[in-house]
Amino acid sequence: FIAALADNERLWSTLAVDVAGNGNGLPQALRARLFYLYRFTAEHSRKVRAETASPEVLVEINTAVLRGLRGEGATT
């Protein structure tokens, strides 16, 4: 579980570096949202490791991003 949490943090850290770069072609608003998700994920992961939060929201975030990448859009 801890290894998966660390892998997820590495993924979001990599994405954050990419969206913060000057050469990133995504719209600024999307870049800002993705960077915010990185910050949220990093902070929430610390809480999960401290056993003061559930990992469920991290799974929900990743699932939503994957749906978006597949073009499935938001679910309600």
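The crossing of α1 and α2 is left-handed, a term used when the near helix is turned anticlockwise from the far one by less than a right angle, with right-handed meaning clockwise. This is a predicted model, in which local features need pLDDT of at least 70 and side-chain atom pairs count only at pLDDT 80 or more, while totals for chains, interfaces and linings use all residues. Residues are numbered from 1 along each chain as its sequence is written, and side-chain values use heavy atoms, with hydrogens and water left out.

The protein has 3 helices and 0 strands, where helices (H or I, at least four residues) and strands (E, at least two) are DSSP runs numbered from the N terminus. In that order the elements run α-α-α.

The axes of α1 and α2 lie 9 Å apart, and the two helices pack at an angle of about 155°; axes here are lines fitted to C-alpha atoms, for helices over the stretch in contact, and angles run from 0 to 180 degrees between N-to-C directions. That angle makes α1 roughly antiparallel to α2, the word for angles over 145 degrees. In their contact (heavy atoms within 4.5 Å), residues of α1 including Leu5, Trp12 and Ala16 meet residues of α2 including Leu34, Tyr38 and Thr41. By class, this contact has 12 nonpolar, 4 polar and 3 charged residues, where Ala, Val, Leu, Ile, Met, Phe, Trp, Tyr, Cys and Pro count as nonpolar, Asp, Glu, Lys and Arg as charged, and the others, Gly among them, as polar.

Helix α2 (residues 28-49) also packs with helix α3 (residues 56-69), their axes coming within 10 Å and crossing at roughly 150°, which makes α2 roughly antiparallel to α3. This crossing, too, is left-handed. Leu37, Phe40, Thr41, His44, Ser45 and Val48 in α2 meet Val57, Leu58, Ile61 and Val65 in α3, and the residues of this contact divide into 7 nonpolar, 3 polar and no charged.

The largest pocket has a volume of about 350 Å³; a pocket is an open set of points on a 1 Å grid over the protein atoms alone, where a 1.4 Å probe fits, with protein on both sides within 12 Å along at least five of seven lines, and its lining residues have an atom within 4 Å of a point. The volume is the space filled by probe spheres set on the points. Of the 14 lining residues, Trp12, Leu15, Leu34, Val65 and Leu69 are the closest to the centre of the pocket. α1 gives the most to this lining, with 5 residues, and the lining divides into 11 nonpolar, 1 polar and 2 charged residues.

Notes:
Parallel < 35°, antiparallel > 145°, perpendicular 65-115°, else oblique.
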